[in-house]
Structure formats: C-alpha cells, structure tokens
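Please consult the sequence and the model while reading.

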Amino acid sequence: MSASRTAARISSHLGVMLAVSVVLGVVVAGLAIPFAGLVGVSVQGVAKTMDELPEELETTDLAQRTTILDSDGDTIASLYDQNRVEVPLRQVSRIMVKAILSIEDYRFYEHGALDVKGTLRAFVTNQASGGTVQGGSSITQQLVKQTLVNQATTKAEQAAATADTYSRKLTELRYAVALEQQHSKDWILERYLNIVYFGDGAYGIQAAAKHYFNVNAKDLTAKQAALLAGLVKNPYGYDPTNDKARAKDRRDTVLARMAQLNVISEKKASKLESEGLGLDVQKNQNGCVSATAPWFCDYVVNYLLADSDLGKTVKARRRLLYTGGLTIQTTLDMDYQKAADNAVSTAVKSTDGAIGGLAMVEPGTGDVKAIAQSRPMGRNKKKGETYLDYVVPSEYGDSNGFQAGSTFKPFVLSQAINDGIPLVTTINAPQTITLAENSFKVCDGYYQSSASWTVNNSTGSGTYTLYTGTQNSVNTFFAQLEQRTGVCKPYELATKMGITSLKGKAARSQYLVPSFTLGIADTNVLSMAEAYATFAARGIHCSARPVVSITGPNGNTVKTYSKSCSRVMPATTADGVNAVLRGVIEGGFASAQALDQAAAGKTGTTQSGQAVWFAGYTSNMAAVSMIAGVNSAGQPESLVGKYLNGRYVSEASGSGYAAPIWGDAMKAIDDQLPNVDFTAPTSEVVNGVQASVPSVSGMSVSEATSTLEAAGFGVSTGSTVNSSISSGLVAYTSPSGGSSAAQGSTITLYISNGTPATTTSPSSGASSDSSSNNSSNGNSSNNGNSSNNGNGGNSGNNGNGNGNGNGG
C-alpha cells in the first residue's frame with residue numbers, strides 16, 4: 001500500500017472517530033450544537049438520527065440450550081438453536097475476564113460507552129502492524145451489535161444490524177450510551193461473555209469452555225482463556241477445529257497483550273506460547289439423532305410440542321424448547337432402554353424389510369421406561385435409517401401403526417368378566433362359524449348389516465372355557481363371546497385403557513364392528529403397553545407419561561407432570577384376566593418363562609402375517625414387542641418370505657418372533673423388578689354366582705331361550721334327541737332344569753325329535769361335549785390345549801366386519 005493511500009485511509013478513519021466523538025458529546029449533553037459537516041455527515045442529520053432512536057435498548061432473554069435428562073439425572077439429549085448455557089460473571093474464571101478485557105477493551109471499567117483514547121490507540125497499533133491486534137469498539141458497543149444481530153427476526157433487521165454504514169454506527173453508539181446509563185459494568189460484561197459467538201457452534205463462554213476444553217468457565221486457565229478471547233474477533237477464521245496454526249497465532253497474540261498489560265508475566269507468556277493448544281473438543285450434541293435414546297427423545301419432543309401449556313402455538317412451543325434453557329426430567333430408565341435396544345436389534349436388523357419395536361410402561365404410574373425401534377434415526381435409507389417413529393401414537397410419531405391381532409381379545413375377555421360371565425363358562429367353538437352381523441350389539445342397538453361374518457380358526461376346534469379359549473386364541477370362541485358382551489363395551493374399555501387410535505367418528509365407523517375382537521384396528525406398541533399395564537395395576541389405568549417436570553434456566557418450575565390414573569375396571573376383573581393370561585406364558589412360552597416372577601401375556605398375529613405381537617407384563621412392568629413387515633414406502637406387507645436378522649420367515653406368529661424379543665428384554669431387567677405375584681381371582685370370577693336353572697322342558701326354542709336369558713344365562717342349541725316330548729320342543733337342557741349353574745354361563749338346549757327315548761335323560765347336566773375343561777378352582781392350565789398358542793388365523797377383514805379375522 002502506498003504512503004499516500006495509507007495517509008488517506010488514516011485520515012478517513014480519524015474523521016469518522018472525530019464525528020462519533022462529537023456525536024457522543026451531543027448525546028451525553030442532550031444538546032444540538034451547530035457545527036460544520038464532519039466527513040460528509042451533517043450535524044442536523046446526526047441530531048435527527050439520534051433523536052429518532054429509542055432511549056434504551058431492550059435486551060431479551062438469550063437463547064439457551066435445553067437439556068433432557070433420564071430418570072437418574074443423566075443427560076440423554078440437548079436441544080438448541082444456539083448452543084449456550086448462561087453463567088453469572090462470578091462463575092467465569094478471573095483470568096478469562098482479564099484475557100477478554102486485554103484484547104478487546106482493557107480500559108472497560110474506566111471509560112463510558114465510547115473509549116476515544118482506546119479506539120485511537122487500537123487504530124494506530126493495528127495500522128502499524130498491518131492487522132487486527134487490538135479491538136477498536138468498546139465491549140459495550142460490541143454488546144449492542146451482538147444484541148441487535150441476536151434479536152433480529154427478519155432479513156431486513158439482520159441486514160441493518162450488520163450494515164457498514166454511519167447510520168448503524170450511530171445507532172449502536174446511542175444504544176451503548178443507554179446501556180451504560182441503565183446497567184452496571186459487571187452486568188454489561190456478563191451479558192457480553194454470554195452472548196458472543198466463539199465458533200464451531202459454541203455461544204457464550206460456558207458452552208465454549210465445555211466444547212473446546214471440556215471444563216467449566218470457572219476453571220479456565222490462562223492458556224485456554226487466551227484462545228477463547230482471541231476467537232471473539234473472528235470466530236470462523238480463528239476456529240481451532242478448522243485451522244490450528246492460525247488459532248495458535250491468535251492465541252499467542254492475546255498472551256503477548258496480557259503480558260504487555262501485566263496480567264501475566266513475560267516469562268509465563270513465553271512458556272505458554274511454546275505449548276500446544278491443549279484442546280479436548282467435545283462433539284456438539286443437538287437434537288434427538290445424537291441422543292443416547294433417539295426414539296424416546298423424539299417422543300418427548302413431540303409430546304411437549306403437543307402441550308398447549310407450553311405455548312399457544314406449536315411454533316411458540318418449539319421456540320421455548322430450543323431456546324428456553326429448560327431442564328426436562330423424563331421417566332426414561334437407561335438400563336431398561338439398553339435391554340429394549342439389545343432385544344430388538346438382535347431380532348431385527350435395521351435393513352430388514354420389517355420394523356421391530358418394544359415399549360415398556362410402569363403399571364400404576366404410566367411412566368414410560370423405554371422405547372426401542374429397529375431402524376436408527378437418520379436419513380440414510382441404505383442403512384435403514386428413518387425419521388418415522390413406528391412405536392408411538394401417530395400424533396407423536398406420524399406412523400398409523402399396525403393391526404394388533406389377537407392382543408385385542410383380552411378387551412372382550414375383560415368385558416365378559418365384568419358382565420359376570422365365569423371363567424369356567426364353556427362355548428362350543430367349531431373350526432368355522434358363520435354369524436349374522438346384526439346379531440352383534442353396538443353402542444346404538446344392533447350392528448346394521450344384513451351380511452354374515454364367517455370366522456375361521458387355525459387353532460383347532462372344540463369346547464373351550466374362557467381360560468382355554470383365550471390361551472389357544474380361538475377365533476370362533478371369541479366371536480361368540482363378543483356376541484354376549486356386545487362390541488360397544490369392549491371397544492370403549494380399550495379406549496379408556498389407552499388405545500387412542502379408536503377415538504373419533506372415523507375410527508368408530510371403521511373399527512366398531514363384529515371383527516373388533518380379532519384386532520383389526522391399527523394401533524402402536526406404546527399404546528398397547530399402556531393398556532396392558534392396566535391389567536398389571538389391577539384395573540387402574542395410567543396415561544403414558546414420558547416427562548416428570550420441566551424447570552427453567554434459573555431453577556424455576558415451568559410445569560410438573562403428575563401421573564394421570566383412574567380405575568377403568570374392578571380389581572377382581574383384572575385379577576381374572578391376569579389368571580387367564582398367566583396361563584398363556586405358563587402353557588409353553590420358553591422364551592418368556594425364564595423370569596423369576598409371575599408373568600402374563602397374549603400373542604397376536606395379523607392379517608396375512610403382516611405383524612406379530614406379544615403383549616406381556618409382570619405385576620410391576622408392562623412391555624409390548626412387535627415386528628411388522630413394511631415395504632420400501634413404509635406400508636404394511638407380509639412378513640412371510642422375509643428374513644429377520646438372517647432368519648427366514650416361513651410362517652409368521654407372535655409366539656415365534658415377537659415373544660422372544662419380549663423375553664430377552666424382560667429377562668435383562670428381571671433382577672431390578674420386585675418379585676410380586678398376581679392376586680388370585682375370586683371364586684365368583686372363576687365359577688360365577690350360582691343360580692337355579694329354570695326348567696324349560698316342553699317349551700319352544702324361542703320361549704326357552706327367553707326364559708333362560710331372563711334368568712341370566714346364555715343359550716346354545718345342541719343336537720336333536722329322542723324324547724316323548726313333541727317334536728321341535730325342548731326335551732331337556734344341560735345343565736338340567738332345577739340344578740345350579742353360574743349366571744352368565746351357557747345352557748344347552750336339546751330338541752326332541754318326537755321319538756320316545758329308550759334310555760333316561762341325564763339328570764344332572766353333563767356337558768354336551770365330553771372334552772375336559774378347567775376345574776372350578778381357577779387353575780389356569782389348559783389340559784394340553786396350549787400347543788397352538790400364538791399361531792394366528794389369517795384375516796381377510798377390511799374393517800367392515802367381514803372376513804376371517806386376525807389370529808393369535
């Protein structure tokens with residue numbers, strides 16, 4: 001650069017500083033002093049500009065990092081727009097304070113908003129060295145600029161905050177004067193240290209100290225402080241993660257300046273300059289992708305975004321989450337999460353054409369302890385990554401879920417027990433049965449349809465009790481049981497237990513149909529875990545709760561999330577369900593039998609083997625596992641013909657594929673669970689309330705049916721028999737008239753053919769089927785009929801009540 005150009009440049013800068021100095025005098029004195037133009041800026045223009053500016057600069061809260069904690073208080077994720085953690089000035093090391101003042105504004109505590117003397121000295125020094133050695137603007141002026149940039153919400157505001165114009169400089173100066181008048185020097189310095197950008201995603205001194213050196217701001221050494229102080233001037237150019245040599249040169253410049261001002265000795269400065277940077281860079285962890293429990297984190301974020309208490313709009317809630325400096329205490333237990341992750345990943349690879357998932361919910365609190373999914377979070381489809389959470393309700397994960405198959409049967413079982421139908425009640429369940437759809441009660445009468453519903457079994461046929469019919473997952477048994485309970489009450493019970501996909505007019509139109517009991521409704525793993533936790537809690541339903549509390553950056557309580565529980569069924573009903581479902585596991589599930597305590601559960605296999613389920617629980621932990629076949633577009637398709645972690649699927653079943661996931665996860669946490677047995681069902685639940693069977697011999701079938709139903713019994717028609725009673729009338733019943741039977745149990749009618757019998761009719765109501773059933777003591781063993789547990793019947797059901805239904 002020529003001498004003439006250098007002189008001209010110096011003259012221009014001196015002119016600007018002189019103008020600013022005069023303006024400062026005008027501002028401080030509050031006077032409009034007429035004088036000649038200064039470097040092309042008129043006094044009238046300056047005075048007008050200054051008069052139009054607000055008298056103070058509003059400083060809003062700084063954006064801070066939000067931290068999500070597990071139940072032990074360990075960080076699982078951070079959320080932020082700017083990676084910042086505010087700290088008071090007393091929590092910043094004194095050498096850090098001295099370093100920043102040395103290089104940016106060493107006379108900070110001696111001057112006002114503008115340090116004319118310091119600015120001139122810095123300018124001359126920098127010009128002589130040919131670079132930027134000392135800062136020219138005061139820290140107060142820098143704070144104004146940082147504040148305007150930080151608070152700019154539009155492109156126009158951002159451009160105005162960084163424009164290289166006299167107007168911007170005058171604006172900053174006016175605001176700087178206001179800050180000096182309204183705040184102490186310590187306040188200004190503290191705010192400055194918390195607002196400035198230190199490069200590589202670190203905003204504020206605390207985040208910078210942790211990011212570059214993994215220490216707190218209060219523990220920064222002279223060498224570390226010099227590096228950070230040097231970054232402020234050019235956080236991109238001096239970023240040590242990009243250019244260590246340039247970062248070291250800048251750090252050494254700061255050390256030399258500190259020695260010049262006697263902050264440190266020349267000897268110490270020389271020693272430190274000879275050393276390396278001493279970095280211990282910590283990776284910036286922002287969002288759920290980098291979380292230790294990504295899918296749980298994603299669920300928490302979406303759960304909070306849906307909470308109107310955190311803001312009137314989703315945008316406002318998102319801003320609070322990502323800028324509010326919150327601490328979110330969750331219910332996640334990392335031991336349980338690791339067990340869930342391991343169990344799922346062992347069964348299903350991320351690149352398989354299927355989704356594996358598992359959720360754990362604590363009975364009695366609703367606390368969500370773990371959420372696992374086989375596909376990692378991310379956008380790399382070749383690695384099987386996705387941002388779609390298949391495990392949680394659609395409002396939190398965007399997936400519609402999958403049909404749940406026979407895991408829905410316990411909702412009908414529960415209602416049957418509620419209605420007083422004893423567990424020992426027998427129903428003849430043939431291999432195939434065709435039922436009139438209008439024989440099923442719904443919420444406003446009988447189902448309006450003239451069609452018939454044909455239901456098939458893949459689990460054999462015969463006469464079953466509520467024990468064996470459930471444990472063998474017999475479709476034709478449950479179709480007839482649902483005739484007795486109706487569809488409405490089991491449907492509403494499932495809704496109360498947490499199956500949110502059943503809510504709304506559209507869902508009721510699609511799913512409030514006779515085939516409801518076979519699990520034709522789409523749902524998700526977490527909702528099913530929440531529902532089955534109700535059985536474990538003896539009828540107390542608790543809404544799934546992933547968050548316990550939210551506190552603000554100052555420790556203030558933003559919101560507390562109390563458990564939300566209510567009784568949805570009598571404890572005796574839940575005890576009956578537990579006794580029945582306990583028999584599912586005890587009847588032959590090797591993968592789920594190795595727990596040290598009592599467990600219960602139910603399998604599910606859906607239409608064409610598209611999804612397999614196992615919903616199980618102990619008295620203190622409910623977990624549901626699922627594997628669902630999906631195509632490249634994420635739509636359901638059959639698991640048959642796929643490979644699951646190298647294992648070929650020839651026949652999909654809940655027992656063969658979903659139950660092992662459940663078993664592996666629960667065995668891993670079994671030692672952490674208190675060993676508490678289920679409460680045995682009462683005699684009334686097992687055997688029912690005994691009542692006298694009316695004598696209907698000689699009545700027509702319709703008259704006999706009405707009489708028995710009025711007495712609280714169900715009715716079925718048996719074979720035609722020899723009898724002297726007129727043909728077509730009831731010859732006798734089983735159990736016989738005058739004997740005792742449980743209310744709600746089925747009385748079988750035997751119809752006379754008009755031919756006198758050669759032997760006497762039974763006098764004590766033997767069952768019309770000779771196969772043995774469970775004894776009345778409530779023992780849940782099924783006498784060898786459990787070998788088909790979990791094998792599902794394929795369904796052709798499309799949600800309108802037609803088809804074969806889903807199997808076990």
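Is Tyr-236 buried or exposed? Tyr-236 is exposed, because its relative accessible area is 61%, above the cut-off of 50%. This value was computed from a predicted model, in which 21 aromatic pairs are found.

**A tilted pair between two loops**

- Tyr-197 and Tyr-236 form a tilted aromatic pair, with 5.5 Å from centre to centre and 50° between the planes.
- Tyr-197 belongs to the loop between α8 (185-195) and α9 (205-213), while Tyr-236 belongs to the loop between α10 (222-231) and α11 (244-260); the pair therefore ties together parts that are 39 residues apart in sequence.
- Tyr-197 has a relative accessible area of 14% and is therefore buried, whereas Tyr-236 is exposed.

- Helix α22 (residues 525-536) contains both Tyr-532 and Phe-535, which are three residues apart, or about one turn of the helix.
- Tyr-532 is buried, with a relative accessible area of 0%, and Phe-535 is buried, also with a value of 0%.

**A cluster of rings**

- Phe-296, Tyr-299, Tyr-303, Tyr-396 and Tyr-561 are linked into a cluster by ring pairs.

**Charges over rings**

- Lys-185 places its charged end over the ring of Phe-108, at 4.3 Å from the ring's centre.
- Arg-257 lies over the face of Tyr-106, 4.9 Å from the ring centre.

Key
Residues numbered from 1 in each chain as written. Predicted model: local features only at pLDDT ≥ 70, side-chain atom pairs only at ≥ 80, totals over all residues. Heavy atoms only, no water. Phe/Tyr/Trp six-rings, centres within 6.5 Å; stacked < 30°, edge-to-face > 60°. Helix = DSSP H or I, 4+ residues; strand = E, 2+ residues; numbered from the N terminus. Buried < 20%, exposed > 50% of the residue type's maximum accessible area, 1.4 Å probe, protein only. Lys NZ or Arg CZ within 6 Å of the ring centre and 35° of its normal.
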